Amino acid sequence: MVENRNDQTKMQERGRFSEEKQGLAEIERKLQKVNADREAPSKLAAKIKQPPSNVMGLAMRASVEVVSALAIGFGIGWSLDQWLDTRPWFMLVFLLIGGAAGTLNVYRMALGFGYADQYGQTRENTEDKGDLQKDE
Amino acid sequence: MSAEKHSPLAQFEIKQLIPMQIGDLDASFTNSSLFMVLTVLSVSAFLVLGMRKNAHVPGRWQSIVELSYLFIANLMKDTVGSEGRAYFPFIFTVFMFVLFGNLLGMMPYSFTFTSHIVVTFTMALFVFIGVTIIALVKHKMRFFTFFMPPGVPIYMAPLLIPIEIISYLSRPISLSVRLFANMLAGHTLLKVFAGFIISLGLFGIAPLAFVIALTGLEFVIAFLQAYVFAILTCLYLNDALHLH
């Protein structure tokens, strides 16, 4: 009788233990899922890389990029001219550089459809190409 | 009433509410300042009152507050990565300030302070200077290699460095002009078409329908531009933290 009861309680305990274990495993699984979700880039990241569907918005952004770079170039050149009394030479030179900077801005915008410099990306691309050439 | 009152641009007029003069500086409290204060108050009320219950199962309001927090947290995670967490309060504040400023400006008889280049440029300048300081503190002199893309032959440097510097300096301008131009154009367009409704008489129904559609679009733009401002700030911050 005594042994029997002991067995029963043991069985019960074992059952409870395995239940607890299952519960813990469940929690562990959920935790891992949450952590994976937290680490993984969300859908937003993919969206940023994609070209915007709104063509007007794209045109607007490109023109703002060009005009702002031109304005900075003009500003620098004009103030250098004021300071050194060399009108209009610095202004002309810096307008050209500003135009180049504006084109660079638009180029970067078009490359990544992100908003900032895409050096990392372009460098990776060229490195990949280099590897390919080495392989050949 | 004078004709000027009906100008589509009259809504952008700055009015002094409490004149103040500090030396030669006109520091009056204007309708623009009033709406900035209102924006700060409504953002605070929205967040603090929404989280007042702090329930485990959030209600509608608390859900919106938590969603807006998660929205910016995810945005920062995707664009800046884990190093950016320290700057979350700043980005979140900027986003909420611009968003609520844009949305409050959609109310009739209100004032849209984001439609003034002074306001947006000041914000963009703060972002620009702050981000540059972060980059300088983090990378010291290595920051200046930012203007020399890797893998460029040295004889290109005299041409490329000025171009890169101008490109870098143009950031606060493009950041501020984008927000300002969108808000200014949208609100002017709304007013212009609203002006046609009465003057066209019965045919005014066409511009009326257009204005209704445009108002919806303006709400989208109000949100989108706040989002763009936040995302650009994040990308500049990312450049500052990681350079190339």
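In chain B, helix H2(B) passes helix H3(B) in a right-handed crossing, a crossing being right-handed if the near helix is turned clockwise from the far one by less than a right angle, and left-handed if anticlockwise. The model is a predicted one, in which local features need pLDDT of at least 70 and side-chain atom pairs count only at pLDDT 80 or more, whereas totals for chains, interfaces and linings use all residues. Residues are numbered from 1 along each chain as its sequence is written, chains are lettered from A and ligands numbered from 1 in the order in which they are written, and side-chain values use heavy atoms, with hydrogens and water left out.

Helices are DSSP runs (H or I, at least four residues), numbered from the N terminus. The axes of H2(B), residues 60-79, and H3(B), residues 88-104, lie 10 Å apart at an angle of about 120 degrees, the axes being lines fitted to C-alpha atoms over the stretch in contact and the angles running from 0 to 180 degrees between N-to-C directions. H2(B) is therefore oblique to H3(B) (under 35 degrees counts as roughly parallel, over 145 as roughly antiparallel, 65 to 115 as roughly perpendicular and the rest as oblique). In the contact (heavy atoms within 4.5 Å), residues of H2(B) including B:Phe71, B:Ile72 and B:Met76 meet residues of H3(B), among them B:Phe88, B:Phe92 and B:Phe95. By class, this contact has ten nonpolar, one polar and no charged residues, where Ala, Val, Leu, Ile, Met, Phe, Trp, Tyr, Cys and Pro count as nonpolar, Asp, Glu, Lys and Arg as charged, and the others, Gly among them, as polar.

Helix H4(B), residues 117-139, and H7(B) have axes that come within 8 Å and cross at roughly 20 degrees, which makes H4(B) roughly parallel to H7(B). The contact of H4(B) with H7(B) has eleven nonpolar, three polar and one charged residues. H7(B) itself comprises 38 residues (205-242), which should span 56 Å at 1.5 Å a residue, in agreement with the 55 Å between its end C-alpha atoms; the expected span is 1.5 Å times one less than the number of residues. Just after H7(B), B:Leu243 takes a positive phi of about 50 degrees.

Over all chains, four salt bridges are found (a side-chain nitrogen of Lys or Arg within 4 Å of a carboxyl oxygen of Asp or Glu). One links the side chains of A:Glu65 and B:Arg178, at 3.0 Å from N to O; because A:Glu65 lies in helix H3 of chain A and B:Arg178 in helix H6 of chain B, the pair joins two chains.
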